Amino acid sequence: MKVLIIGSGGREHAIAWKVAQSPKVEKIYCAPGNGGIGQVAECVPIGAMEFDKLAAFAKEKEIDLTIVGMDDPLVGGVVDVFEKEGLRVFGPRKNAAILEGSKAFSKDLMKKYHIPTAAYENFDNPEAAIAYLKEKAEFPIVLKADGLALGKGVLICNTLEEAEEGVKTIMLDKKFGSAGNTLVIEEFMTGREVSVLSFVDGKTIKTMTSAQDHKRAKDGDQGLNTGGMGTFSPSPFYTKEIDEFCQKNIYQPTVDAMAAEGREFKGIIFFGLMLTEKGPKVLEYNARFGDPEAQVVIPRMKNDMVEVCEACIDGTLDQIDLEFEDNAAVCVVLASDGYPVSYEKGFPIEGLENFEGKEGYYVFHAGTALKDGKIVTNGGRVLGVTAKGATLKEARKNAYAATEWIQFENKYMRHDIGKAIDEA
């Protein structure tokens, strides 16, 4: 088989690495890819949003399966373009990817189908939003830009002044662009956050192992929200009881709700959960693998990725026994100092060869490029250093040891990824 992967980050590197292990696959392309993906796939200089060019390339190269890694092309309708051309593609169509593309849509869906989530109101008008905050809000409160905002369009406001400033930032200053045309104001929930990824074929859902992300830039969950500074899997807080509750009240009901709305979902649903005192509730949905959640979940997956993706497309997921290793993995993101605000790039990366042939240690490239035969930094999040271990503590120790194998100028990381493990 020939496989095309669409995207350029650490998540796509993890997908490409896994696809390369399939005995069915002889050639992998990635558009546009990055410096590390180029080691397992041929990178093609086509942007993730250039749908017609991507489809033309897939036809020209006789691609058997395309896997869409990123949210923007899914929400934009790349799957529809590929299907129209008679190409096999893994990911939700545009009318299903709205589950991630519009927070207002997903909140309304949960309300209609009684899927547990935080209380909320949607606003298209900034004056109405501010009036609501003055009259009815309890603080702290959460403001969310409706559309895609690279995981950064969420503000937690502790006072009315902060909330008014937040409405201005999202709806008037348009800090997140058109994503802020609609605003979701949501009750602030407390508890542990857990991410659960799942494969879906339109009717059947099979959940993967759990994970937990660290969004804030600095140690102790300080600093700005980022795309994710590290992850661990599984979450020790995601118990068998919680899983049973979620299967019955959240996972299957979401798949059934989308089908009932005429928006059959095939691909990956990422459930962002909050384990509250009143039980698990949905924080958000994503319509693809998380990044960096993919970097700890995929290395623990026993199945052939291509077989599972094809079962989702064909509606035969019920015949797949989805299996994960009985161990743990931790990913620490090596970033450029100054991320997510401003940072320099173009620095050579030393030490990548230290990972070669080391079982249970991986380095997934997020923001790298190949320049004059040398891998250099090319983004805010540069690399995801992942290690496995028999336990979470061991995996964490291994991952942090492996971060020392790599050097580049302005290298920055959090030192407390997976610290919650100590409290489990």
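**Exercise 1.** Work out how the residues lining the largest cavity divide into nonpolar, polar and charged.

*Solution.* Start with the terms. On a 1 Å grid over the protein atoms alone, a cavity is a set of points where a 1.4 Å probe fits but cannot get out, and lining residues have an atom within 4 Å of a point. Ala, Val, Leu, Ile, Met, Phe, Trp, Tyr, Cys and Pro count as nonpolar, Asp, Glu, Lys and Arg as charged, and the others, Gly among them, as polar.

Step 1: find the lining. It has 13 residues, and Val 68, Phe 90, Ile 268, Arg 288 and Phe 289 lie nearest the centre of the cavity. Strand E4 (65–68) and strand E15 (266–276) are the elements that give two or more residues to it; helices (H or I, at least four residues) and strands (E, at least two) are DSSP runs, numbered from the N terminus.

Step 2: The largest cavity holds about 60 Å³ of space, where grid points are joined across faces, edges and corners and a volume is the space filled by probe spheres set on the points.

A note on the source: this is a predicted model, in which local features need pLDDT of at least 70 and side-chain atom pairs count only at pLDDT 80 or more, while totals for chains, interfaces and linings use all residues. Residues are numbered from 1 along each chain as its sequence is written, and side-chain values use heavy atoms, with hydrogens and water left out.

**Exercise 2.** Describe the second largest cavity: which element gives the largest share of its lining?

*Solution.* Step 1: the volume is about 50 Å³. Step 2: list the lining, which is Asp 291, Pro 292, Gln 295, Val 333, Ala 366, Arg 381, Leu 383 and Gly 384. Step 3: assign elements; strand E21 (residues 381–389) provides the largest share, three residues. Step 4: by class, this lining has four nonpolar, two polar and two charged residues.

**Exercise 3.** Decide which side of helix H2 (residues 51–60) holds its buried residues, and what they pack against.

*Solution.* Step 1: pick out the buried residues (under 20% relative accessible area; exposed is over 50%, partly exposed in between, with a 1.4 Å probe and protein chains only). In H2 they are Phe 51, Leu 54, Ala 55, Phe 57 and Ala 58. Step 2: check the arc of the directions from the helix axis to the C-beta atoms. These residues lie on the same side of H2 because they cover an arc of only 160° around the axis. An α-helix has 3.6 residues a turn, so residues three or four places apart point the same way. Step 3: look across to the other side of H2, where Asp 52, Lys 53 and Glu 60 are exposed. Step 4: find the partners; the buried residues pack against strand E1 (2–7), strand E2 (27–32), E4, helix H3 (71–76) and helix H4 (78–84).

**Exercise 4.** Count the disulfides (pairs of cysteine sulfur atoms within 2.5 Å), then explain why Cys 43 has no bond.

*Solution.* Step 1: the count is zero. Step 2: for Cys 43, the closest cysteine sulfur is that of Cys 30, and at 5.5 Å it is too far for a bond. Step 3: compare accessibility; Cys 43 is partly exposed at 31%, whereas Cys 246 is buried at 0%.

Notes
1 Å grid on protein atoms, 1.4 Å probe; cavity = no way out; pocket = protein on both sides within 12 Å on 5 of 7 lines; lining within 4 Å. Disulfide = S-S within 2.5 Å. Contact = heavy atoms within 4.5 Å.
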